Amino acid sequence: AMGALAALRPLVTARSGAVLHAIGVRALSAAAARIAQLEAAARAGGGEKRIAKQHERGKLTARERIDLLLDEGSFREMDMIKSHRCVEFDMADQQFPGDGVVTGYGTVAGRTVFVFSQDFTVFGGSLSETHAEKICKIMDKAMLVGAPVVGLNDSGGARIQEGIESLGGYADVFQRNVMSSGVIPQISVIMGPCAGGAVYSPALTDLTFMVRSSSYMFVTGPDVVRSVTNEEVTAEQLGGATTHTTLSGCAHNAYDNDMEALQAVRQALSYLPQSNREPPPRVPTADPPTRRVYALNEVVPDDPNQPYDMRKVVGQLVDAGSALELSPGWAPNVLTYLARFDGRSVGIVANQPAALAGCLDINSSIKAARFVRMCDSFRLPLVTLVDVPGFLPGTAQESGGIIRNGAKLLFAFAEATVPKVTVITRKAYGGAYDVMSSKHLRGDSNYAWPSAEIAVMGAEGACEILFRGKSATELKAEVAKYEAKFSNPIKAAQRGFVDAIIEPAETRRLICEDLDTYEGKQLANPAKRHANIPL
């Protein structure tokens with residue numbers, strides 16, 4: 001009997017194993033079906049009707065935007081089925097896997113990029129505690145591996161049903177914005193509403209782009225403005241793309257639709273390194289570094305008071321088609337570009353004689369200073385083109401704080417440790433000469449064109465002070481003497497304040513050679529907790 005039982009045992013064990021296996025397969029199949037159901041719900045967002053409304057507004061969905069931003073097939077989603085934990089206001093019955101934001105990572109031109117894309121079809125893209133956790137997770141991962149973060153913003157703001165939890169979520173995101181600043185590139189794209197506390201995250205990032213007619217940013221909306229000030233204003237007037245790219249400077253560039261904005265993000269990333277741990281990318285170019293630009297020999301007018309377009313100078317100097325202008329509509333008296341020389345990424349700051357005669361004012365100082373600090377953070381060499389008659393005079397500028405704000409640009413150039421090449425094309429007067437990346441601010445190569453005028457001020461203004469009381473004829477003669485003596489770059493070259501007076505046509509070649517020479521530059525500022533820039 002015992003022998004028979006022993007003989008049956010393997011058969012019973014095999015049958016039991018088969019039963020257990022079958023049960024396990026059914027359980028796994030049920031779990032897989034449930035997961036597939038949740039993932040399908042996440043992909044569906046707020047449903048077909050809400051997606052249709054999104055499209056009617058001329059806006060893409062959160063997932064469509066990611067597909068356009070990243071290389072095809074490269075997106076790896078994280079926390080796809082994560083949902084909120086709120087039970088107040090019947091929220092327990094309103095569950096959308098993903099909780100109104102799609103997060104993960106992929107590649108742009110083969111380089112890793114982390115991304116979050118808010119889904120307006122789910123709770124209006126409002127930020128909950130778990131929504132914020134998803135964003136914070138990819139920001140932490142980006143810092144860990146050293147890769148950019150792109151935020152696609154389309155949100156009605158904090159989720160009111162969650163109260164303080166949503167506010168805490170915003171602060172968690174802000175803290176990561178600050179910790180990431182200067183370490184990894186951060187780009188924000190406003191593709192719908194961005195209101196209340198939500199606006200401070202884009203304000204903390206390196207670049208902010210907006211979409212015309214469908215996006216807006218403001219701390220308090222039109223209804224609040226109306227109730228407090230009785231002012232009638234639309235969302236577009238208060239915080240639309242035109243307002244922020246021409247009046248406030250809170251956004252850099254605006255684009256006509258989602259597709260153009262996302263393409264601009266891809267372009268901007270092409271100039272930037274993955275993080276401050278590595279140099280900016282260098283790309284092949286068919287534009288020879290030795291190319292002579294003969295048109296520059298004629299670009300500066302003989303009349304020192306006649307304007308010319310510095311944009312044309314930039315376009316002719318850089319690698320063909322490589323210039324991306326930032327903030328073209330705000331503070332147009334100074335130009336800021338991401339561009340390339342011999343395939344190497346650089347930042348360009350240039351006075352614009354065609355706007356306010358190229359004078360520096362409050363807004364242009366702020367614009368250029370922020371740009372210089374971004375370039376220095378990410379190891380982009382700085383090329384500065386100078387034609388500046390000074391700081392803009394007037395009571396509005398003085399009472400508005402031109403001293404403090406002008407000092408920001410001075411501080412930014414002085415603090416920068418990247419290679420710095422400066423070319424004075426015409427005027428470099430007074431304190432503005434010092435501020436615009438002069439040799440005294442640790443400039444590496446400083447050049448002047450023969451048309452350069454480097455002096456305390458213009459000849460007429462100087463002679464009116466020096467020879468007060470003389471007749472008009474005598475004063476005219478003194479102006480001619482002053483111009484012959486000071487309205488040229490010779491004195492500066494004799495003192496070593498410029499390294500050479502160069503033919504304009506040779507400018508591109510010299511800049512390319514200098515960027516090669518100073519590629520290995522090592523310069524460190526004194527150890528400190530942080531500097532006290534005059535904010």
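This briefing covers the overall build, helix packing and selected residues of the structure above.

The model is predicted. The protein has 535 residues, of which 50% count as buried. It contains 19 helices and 17 strands. Along the principal axes, its C-alpha atoms fill a box of roughly 130 × 65 × 45 Å.

**Helix H10**

- H10 runs over residues 258-269 and has twelve residues. From first C-alpha to last, H10 reaches 17 Å, close to the 16 Å expected at 1.5 Å a residue.
- Seen by burial, H10 has a set of covered positions: Asp258, Ala261, Leu262, Ala264, Val265, Ala268 and Leu269 are buried. Because these residues cover an arc of only 155 degrees around the axis, they sit on the same side of H10.
- The background is helix geometry: an α-helix has 3.6 residues a turn, so residues three or four places apart point the same way.
- The N-terminal end of H10 is capped by asparagine 257. A side-chain oxygen of asparagine 257 lies 3.1 Å from the backbone nitrogen of methionine 259.

**Helix pairs**

- H4 (residues 129-145) packs against H5 (residues 164-180) at an angle of about 15 degrees. Their axes are 8 Å apart. Angles under 35 degrees count as roughly parallel, and H4 and H5 are therefore roughly parallel to each other. The crossing of H4 and H5 is left-handed.
- H12 (residues 362-377) pairs with H14 (residues 402-415). The axes of H12 and H14 come within 8 Å and cross at roughly 20 degrees. H12 and H14 are therefore roughly parallel to each other. Their crossing is left-handed.
- H16 (residues 459-466) and H17 (residues 472-486) pack at about 125 degrees, with axes 9 Å apart. That angle makes H16 oblique to H17. H16 and H17 cross in a right-handed sense.

- Asparagine 363 belongs to H12. With a relative accessible area of 32%, asparagine 363 is partly exposed.
- Asparagine 363 and proline 393 are 30 residues apart along the chain. Their C-alpha atoms are separated by 14 Å.
- Asparagine 405 is found in H14. At 3% relative accessibility, asparagine 405 counts as buried, because the cut-off for buried is under 20%.
- The side chain of asparagine 405 makes a polar contact of 2.9 Å with the side chain of lysine 408.

- Serine 322 is in the loop between helix H11 (310-317) and strand S10 (324-326). Serine 322 is buried, at a relative accessible area of 5%.
- The serine 322 side chain reaches the backbone nitrogen of arginine 340 at 3.2 Å.
- The backbone of serine 327 has a positive phi of about 55 degrees, although serine 327 is not a glycine.

**Other loop residues**

- Arginine 379 is in the loop between H12 and strand S13 (382-388). The phi of arginine 379 is positive, at about 65 degrees, although arginine 379 is not a glycine.
- Arginine 379 has a relative accessible area of 37% and is partly exposed.
- Aspartate 206 sits in the loop between helix H6 (200-204) and strand S7 (207-211). Aspartate 206 is buried, with a relative accessible area of 10%.
- In sequence, aspartate 206 and alanine 428 are 222 residues apart. In space, they are 29 Å apart, C-alpha to C-alpha.

How values were computed:
Residues numbered from 1 in each chain as written. Predicted model: local features only at pLDDT ≥ 70, side-chain atom pairs only at ≥ 80, totals over all residues. Heavy atoms only, no water. Helix = DSSP H or I, 4+ residues; strand = E, 2+ residues; numbered from the N terminus. Expected span 1.5 Å × (residues − 1). Buried < 20%, exposed > 50% of the residue type's maximum accessible area, 1.4 Å probe, protein only. Arc of directions from axis to C-beta. Polar contact = N/O pair within 3.5 Å; in protein donor to acceptor, adjacent residues only side chain to side chain. Axes fitted to C-alpha atoms, helices over the stretch in contact; angles between N-to-C directions. Parallel < 35°, antiparallel > 145°, perpendicular 65-115°, else oblique. Left-handed = near helix turned anticlockwise from the far one by under 90°.
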